[in-house]
Amino acid sequence: MAESSTPMLGDGPSWLKDNVAAVTAVLTVVGYVAVIGTFEGLFPVYPNIGRNGVDLLGHAIAVVNLAATVCLIAGWRYVKQGKIDAHAKSMTAAFGLILLFLLLYLPKVGGGGEKRLVESVPDPIALGYFVMLAIHIILSAVAMPVVVYAFLLGISHTPAELRESLHPRIGRIAAASWILSLVLGVVTYLILNHVYSYEFTPV
């Protein structure tokens, strides 16, 4: 693997380098609270966007997820080729896109409503859709702390330090689970919005 004289995003502050696990735990809890609280209607701060707003944000989210998938795959290939700086930029872009996803997803859920496949969809298609959706949701929830941990390690340690850390192993798990979750998210989006039709229930 080729060497790089620069860290992934620079040699991070010592407080972060020494507390990656703790910061990961805090950010993960904040993320879970934001998503679950929004689903449960605990944060009445989102404007009502209606069906058109839900559709618009849904399309935007699909584009963001597709772009994040491309960045992750590129970052995975770059690190295998020893292109550490390119790997860092790709993974940073992917992480930024997942933050953008949250900024779009929360108002979609909190101020929009729920879309469901129409009952006339053939049973095998509906079953496949719900299985993919379930895997997508579970992977999204499980991957969050792993992704955050891998990213924080990356921005707080030099490449030499990362090779001796859990980053390579955790990074592979994070990238694989994240890519699968994103791909399934895009596939279920296409089934719900473009292949078949849906019923809309406003908040």
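Student: How much space lies in the largest pocket?
Tutor: About 1600 Å³. This is a predicted model, where local features need pLDDT of at least 70, side-chain atom pairs count only at pLDDT 80 or more, and totals for chains, interfaces and linings use all residues. Residues are numbered from 1 along each chain as its sequence is written, and side-chain values use heavy atoms, without hydrogens and water.

Student: What counts as a pocket?
Tutor: On a 1 Å grid over the protein atoms alone, a pocket is an open set of points where a 1.4 Å probe fits, with protein on both sides within 12 Å along at least five of seven lines. Lining residues have an atom within 4 Å of a point.

Student: Which residues lie nearest the centre of the largest pocket?
Tutor: Phe-39, Phe-101, Tyr-105, His-136 and Ile-137. The lining has 50 residues.

Student: Which element gives the most to that lining?
Tutor: α5, with twelve residues. The α5 helix covers 123-156.

Student: New topic. At what angle do α3 and α4 pack?
Tutor: About 165 degrees, with their axes 8 Å apart. That makes α3 roughly antiparallel to α4, a term for angles over 145 degrees.

Student: How do the residues of that contact divide?
Tutor: Into 24 nonpolar, seven polar and one charged.

Student: And the whole chain: how many helices and strands?
Tutor: Seven helices and two strands. Helices are DSSP runs (H or I) of at least four residues, and strands (E) of at least two.

Student: What share of the chain is buried?
Tutor: 42% of its 203 residues, where buried means under 20% relative accessible area with a 1.4 Å probe, protein chains only.

Technical notes: Axes fitted to C-alpha atoms, helices over the stretch in contact; angles between N-to-C directions. Parallel < 35°, antiparallel > 145°, perpendicular 65-115°, else oblique. Nonpolar A, V, L, I, M, F, W, Y, C, P; charged D, E, K, R; others polar. Points joined across faces, edges and corners; volume = space filled by probe spheres on them. Buried < 20%, exposed > 50% of the residue type's maximum accessible area, 1.4 Å probe, protein only.
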